[in-house]
Amino acid sequence: MFSRFFKSISCFNIDISEDEWHNLLDIESLKQLRHIPIKQSQKESIGFSSVTGYHNPDLLYHSVDRFHFLSVTRETKKVSKLKVEQRLVEAKRLLAERRNVFTDDLEEQEVIELKEKIEREELSKKSPDEARINLVLDPLKNRMYVDTVGTDTAIKKTVSIIRKLAPSFKVHPFVANPAETILTQWLYNPKTVLPDELELGNEASLKSPEDAKAKLFKQDLESEEVKILMNHGKQVFDIAVSYQERIGFTLNNVGYLKKVKPRDMFYDGVERVEASESYLQEYHQDWELLVSWMTEFYDWLERKFDLPKTEENAT
C-alpha cells in the first residue's frame, strides 16, 4: 500500500520489450499473481497486492500520468536450522530403534522425508514477517523507483514476479560504479565543489578499506575534524543533504536515498486539494509531486555523477 511519500528510495534502470508493457499492466494477469496469505507450513508467499490497501482491495494497478504504480507483498517464515537438526537426530534415533538398525542404515529418502516433516511442523509454529514493496515504473525514462533500500533479496523477488508477466524485464543499478569519490569531493570542498542545488545536513558516513566506518551525527560537516578524517584516507559513503531546499535525505554512493522528508518549501506554490472521501483523490496530488521530484532529482544526479546508460550487472 502506497503512502503519500517514499521515505526511502532505490532507483534502477530497466529493460522491457515494448509489447510486454501491456501484459505487465493487464489487470486480469495481475489477479492471477495476486498475493495469497501464507499457509501454515509455507516458507514464503509473494504476489501483487492493492496499491491502496483495504481502501480498495482490488486496485492492483494505478497510473499517475505516465507512471505506473504497483505494490508487492512478501510474507516469509524462518525456522532454526539448529532446532531442525536437533529434532532430526532424535527422530532418526527413534526410527532406527523401531527398525532395530543403526541410524546410518536408514534409507536416504526416509531421512529426507523426516526432515521435511520436521520443517513443516516448525514452520506451522512461526508467525510470518510481512514486507510491502511499492514500486513506480517510468516507461519514458526506463526507470523503476522502489520504496526500499539495501534489500537485494526483496528487489530480486520483486523482479522475479514481474518477469512472470514480462519475461524480458531486467533491472540495472542506476549507479553502476559507486561514487564515493564524488561525495568525498563535495564534502571536502563544500564551498566550491558542492553543487548549488544541495545544502549540507549534519550526518555522514566515512570509511576506508583499512579502518572501521565513522558515522557522524548532528555534527558540523564543514569542521576541520571531518576534513582530517578525509585527509587520513576515509571516503564519504553517504551524506545528509537537502535538495533545492525542498527535500531532505541521506544520499549514498550508489544513489539510494534514506530518511527522505519533504521540507516546508516542497509545497510552495502548490494549492492543496481539500480532503476527499476517496483515498485515490486525496493522495493523487501527493503522488504527482512524488513522481515529479523523483524524476527531476535522478535526472540531476545522472548529470552530476556523469552516469552512462548501462546494461551491465543485470539482475
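Guide: What follows concerns a predicted model and takes the labels one at a time.

Visitor: How many aromatic pairs are there?
Guide: The count comes to 19 aromatic pairs.

Visitor: Why is the pair of F2 and F6 called stacked?
Guide: The ring centres of F2 and F6 are 5.8 Å apart, and their planes stand at 25°. F2 and F6 are both buried.

Visitor: What makes the pair of Y243 and F297 edge-to-face?
Guide: The angle between the planes of Y243 and F297 is 80°, with 5.2 Å centre to centre. Planes over 60 degrees apart count as edge-to-face, so the label applies.

Visitor: Why does this pair tie together parts that are apart in sequence?
Guide: Y243 lies in strand β10 (residues 235-243) and F297 in helix α8 (residues 279-304), so the parts it joins are 54 residues apart in sequence. Y243 and F297 are both buried. They also belong to a cluster linked by ring pairs, whose members include W186, W293 and W300.

Visitor: How do you know that R4 lies over the face of Y283?
Guide: R4 is at 4.3 Å from the ring centre of Y283, and the distance limit is 6 Å. K207 lies over the face of F237, at 4.7 Å from the ring centre.

Visitor: Which residues make the contact of α6 with α7?
Guide: The axes of α6 (residues 180-188) and α7 (residues 224-231) come within 10 Å and cross at roughly 145°. T184, L187 and Y188 of α6 meet V226, K227, M230 and N231 of α7. These contact residues divide into four nonpolar, two polar and one charged.

Key. Residues are numbered from 1 along each chain as its sequence is written. This is a predicted model: local features need pLDDT of at least 70, side-chain atom pairs count only at pLDDT 80 or more; totals for chains, interfaces and linings use all residues. Side-chain values use heavy atoms; hydrogens and water are left out. Rings of Phe, Tyr and Trp (its six-membered ring) pair if their centres lie within 6.5 Å; planes under 30 degrees apart count as stacked, over 60 as edge-to-face and the rest as tilted. Buried means under 20% relative accessible area, exposed over 50%, partly exposed in between (1.4 Å probe, protein chains only). Helices (H or I, at least four residues) and strands (E, at least two) are DSSP runs, numbered from the N terminus. A charge sits over a ring if NZ of Lys or CZ of Arg is within 6 Å of the ring centre and within 35 degrees of the ring normal. Axes are lines fitted to C-alpha atoms, for helices over the stretch in contact, and angles run from 0 to 180 degrees between N-to-C directions. Contact means heavy atoms within 4.5 Å. Ala, Val, Leu, Ile, Met, Phe, Trp, Tyr, Cys and Pro count as nonpolar, Asp, Glu, Lys and Arg as charged, and the others, Gly among them, as polar.
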